[in-house]
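Here is a short report for a first look at this structure. Keep the sequence and the 3D view at hand while reading.

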Amino acid sequence: MNEMINSILLVDDEDLFHLVFEDACSILDITLSLEALNSSDEADRMFKQWFPDDPNQERPECVFVDLNIIGSSFDGIELIRKINFDYGNGCVIGIISSSDDNQEIEKAKAAGAQFWIIKSDDIEPRLEDFRKDYQGYVNKTNPFKVYK
Amino acid sequence: MIPITKHTRDVLLEVAKKKKIYVEGNFLKILQAPNGDVEFEEYLKVCKEKDSTARRKRLQVTKQVQKQNKELVSKQEETDALMEELQIALESAKQSEEVANQLREEAEKGMGKALEDLELMQKKTQFELISTIVKVALYVIVGVGVLTTVMYGLALMSGTDTQIIGSTWSNMFGILLTNAFSIVGTIMGVKYATEKE
C-alpha cells in the first residue's frame with residue numbers, strides 16, 4: 001500500500017471542486033491534511049511567509065494548482081514559477097485543470113510543474129495513479145506526466 | 001496514530017450505542033484501537049465505513065451539482081450569445097427602419113416632383129391647345145374679315161348694289177371684333193387664373 005501524503009495544498013477558485021477533491025482524497029486515503037485556497041495571491045502570501053526557511057514545517061508537501069484562477073492577479077503557472085524559482089522549490093507541485101491545452105502544458109513544464117492532472121467527473125482514478133507515482137516526484141526521479 | 005484510553009473508548013462506544021453518533025472525518029484515521037480490543041476495532045471499522053459511505057454520497061452529490069453548474073454556465077453563455085445576436089438584429093432593424101424612412105422621404109419628394117412635372121406638362125399642353133385654338137380662331141376671324149372686306153370692295157368697285165353686302169360686312173365685322181375680344185379676354189382670364197393656382 002502507498003503511503004499517505006503528509007499535507008496537500010489545493011489552489012482552485014471553484015469551491016465545489018474543493019469538496020470533490022477533499023472527499024476523493026479522503027476516500028482514496030491520499031492525505032489526512034488538506035488545505036484549500038481559492039486565490040493564487042493568498043497562496044503566494046503563504047509561501048512568502050515560509051520562505052526561505054520553514055521551521056514549523058508548515059509548508060505543504062504537495063501543491064495542486066488550478067490553471068485559471070478567477071479573482072487572482074496571476075494564473076496557476078505563474079504561481080508554480082514563483083514557488084519553484086522565488087520560494088525555494090521545496091514541494092511536489094503541479095497543475096490540476098480541466099484544460100488539456102498543449103501550449104499551457106508546455107508552459108507549466110517550463111515553470112517547473114511536475115505533473116498535470118486533467119479534471120473530469122471521474123477524478124479518482126487519476127488521483128490514484130498520481131499517488132502511485134508520488135514517491136518518484138518527491139525524489140525528482142519521475143519525469144513530467146499528464147494524467148488524462 | 002493516537003492510542004485511545006479506556007475512558008475515551010468506553011465513552012465512544014456508549015455514545016455510539018445509545019445515540020448512534022460515530023467519530024467521522026480524517027481524525028478517525030489516526031485513532032488506534034488498544035491491542036486485542038476486538039470491540040473497539042469493530043467500532044472503528046463501522047465508523048470508517050459510515051464515514052466512507054457519507055463521503056461517497058457527498059462526492060456524488062457534489063459532482064452532480066458541479067455538472068449542473070457547468071450546464072447552467074453553458075446555458076447562460078448560450079443565452080448571452082443569443083441576447084447579443086438579438087441586440088445586433090435589433091440595431092440592424094433600427095438601421096433598416098432609418099434607411100426605409102429615408103427612402104420613403106426621398107420617394108415622397110420624387111413623387112411631389114413628378115406631380116409638379118405632370119402638372120407643368122398638363123399646363124403646357126393646355127397652353128398649347130389654347131394657343132392653337134386662339135390661332136385657328138384668329139385665322140378664321142381674320143379670314144372671314146378679309147373675305148367679307150374683299151367681297152365688299154369688289155362690290156363697290158363693280159358698282160353693284162352694296163346695301164346688303166355693306167350691312168352684312170358691317171354686322172359681320174362688328175360680330176367678329178366682339179367675338180375676337182371676347183375670346184382674347186377669356187384666354188387672358190384663364191391664363192391669369194391658372195398662373196395664380
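## The model

This is a predicted model.

Start with helix H2 of chain A, residues 40-50. Which of its residues are buried? They are Ser40(A), Ala43(A), Asp44(A) and Phe47(A). Seen down the axis of H2(A), these buried residues fall within an arc of 100 degrees, so they line one face of the helix.

The other side of H2(A) has exposed residues: Arg45(A), Lys48(A) and Gln49(A).

What do the buried residues of H2(A) pack against? Their partners in chain A are strand E1 (8-11), strand E2 (34-37) and H3.

## H2 beside H3

Helix H3 of chain A spans residues 76-86. H2(A) and H3(A) pack with their axes 10 Å apart, at an angle of about 5 degrees. Angles under 35 degrees count as roughly parallel, so H2(A) is roughly parallel to H3(A).

From H2(A), the contact uses Ser40(A), Ala43(A), Asp44(A) and Phe47(A). H3(A) brings Gly76(A), Leu79(A), Lys82(A) and Ile83(A). By class, this contact has 4 nonpolar, 2 polar and 2 charged residues.

## Chain B meets chain A

How many residues of chain B are in contact with chain A? There are 14, and they touch 10 residues of chain A.

Now take the chain B side by class. It has 6 charged, 5 polar and 3 nonpolar residues.

Terms used: Residues are numbered from 1 along each chain as its sequence is written. Chains are lettered from A and ligands numbered from 1 in the order in which they are written. This is a predicted model: local features need pLDDT of at least 70, side-chain atom pairs count only at pLDDT 80 or more; totals for chains, interfaces and linings use all residues. Axes are lines fitted to C-alpha atoms, for helices over the stretch in contact, and angles run from 0 to 180 degrees between N-to-C directions. Helices (H or I, at least four residues) and strands (E, at least two) are DSSP runs, numbered from the N terminus. Angles under 35 degrees count as roughly parallel, over 145 as roughly antiparallel, 65 to 115 as roughly perpendicular and the rest as oblique. Two residues are in contact if their C-beta atoms, placed from the backbone, lie within 7 Å. Ala, Val, Leu, Ile, Met, Phe, Trp, Tyr, Cys and Pro count as nonpolar, Asp, Glu, Lys and Arg as charged, and the others, Gly among them, as polar. A residue is buried if 20 or more other C-beta atoms lie within 10 Å of its own, exposed if 12 or fewer, and partly exposed in between; C-beta atoms are placed from the backbone. The arc is that of the directions from the helix axis to the C-beta atoms.
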